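Hi there,

Here is the structure I promised to pass on.

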Amino acid sequence: MKQYILGNWKMFKTKNEIQSFCHEFNNLWNHDANLSNLPIIVGIAPTYVGLSIFQTLNKTTTNVIAQNANANISGAFTSEVSFNMLKDLDVNMVLIGHSEVRSHLHETDTIINKKNQVLLEQNMTPILCIGETLNEFESGQTINVLQKQLELALQNINPSKITQLIIAYEPVWAIGTGKTATAELIQKTFHEIKKILQNLVKENVDKIPLLYGGSVNEKNAAEILRIQHVNGVLVGGASLDPQKFYDIIRSSPNYQKFTQGQ
């Protein structure tokens with residue numbers, strides 16, 4: 001399976017900062033002939049106002065990702081952006097269910113499920129974020145929380161569309177805190193996620209990419225990407241720096257195998 005290196009910029013970067021990032025990242029990318037041949041999917045999720053700017057300045061094969069989308073095509077939903085508006089910008093990957101959206105905007109699993117269905121029906125790629133809080137982690141509720149989130153998010157999903165989905169496990173207690181789950185804990189949790197998916201969707205479970213997010217950086221990405229069942233990473237703060245993000249891409253096992261095999 002291809003590996004995924006995806007960056008979430010959250011509410012960072014002005015127009016000038018995006019220009020600066022793209023200038024440096026384009027140079028790094030285009031001076032590395034390996035990147036155009038690698039089985040790696042790279043993506044960046046700017047803010048809404050940065051989508052078009054990034055699209056214009058991006059001279060790499062990096063995918064542009066939206067940080068969220070409304071499930072309605074149009075209507076009286078001030079401040080919202082619909083999936084068809086995103087498609088019009090050639091944006092076909094969308095983060096949904098991020099812990100900060102669940103927490104700050106009080107987005108429910110029912111809303112997340114509706115978005116999931118709409119995006120898949122429109123042949124777009126939802127990046128479904130799941131994860132437990134520190135209290136839930138410390139009380140041993142991790143698997144129960146993930147079970148509930150996945151059950152509700154995948155209700156009434158067309159089985160033929162399930163392989164378009166990407167799932168990103170982000171323990172909330174590890175996002176932006178500098179804390180990263182141990183390799184042993186990540187492997188155990190991903191094994192449980194696989195079991196949950198097997199019970200829920202039955203078929204093509206191995207074709208659903210599973211990503212890890214939570215204080216991923218250029219120093220720990222290689223180790224995380226070597227963990228069984230981990231198909232990629234969702235990077236926060238480190239993706240804001242073009243050199244660090246490029247270093248994360250180069251640290252991936254698929255990059256290393258390709259370059260060492262030449």
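Starting with the sheet: β3 and strand β4 (residues 93–96) run parallel to each other and are joined by two bridges. (Two strands pair if DSSP finds at least two bridges between them; helices are DSSP runs of H or I with at least four residues, strands runs of E with at least two, numbered from the N terminus.) Within this pair, I65 has M93 of β4 as its bridge partner. Together with helix α3 (residues 83–88), β3 and β4 form a right-handed β-α-β unit, right-handed meaning that, with the strands pointing away from the viewer, the path from the first strand over the helix to the second runs clockwise.

A word on the source: this is a predicted model, where local features need pLDDT of at least 70 and side-chain atom pairs pLDDT 80 or more, while totals for chains, interfaces and linings use all residues. Residues are numbered from 1 along each chain as its sequence is written, and side-chain values use heavy atoms, without hydrogens or water.

β3 (residues 63–66) also pairs in parallel with strand β2 (residues 40–45), again over two bridges. There, I44 sits opposite V64. The chain gets from β2 to β3 through helix α2 (residues 48–57), in a right-handed crossover.

Finally, the cysteines: C22 counts as buried because its relative accessibility is 3%, and so does C129, at 1% (buried is under 20% relative accessible area, exposed over 50%, partly exposed in between; 1.4 Å probe, protein chains only). The disulfide count is zero, taking a disulfide as a pair of cysteine sulfur atoms within 2.5 Å.

Best wishes
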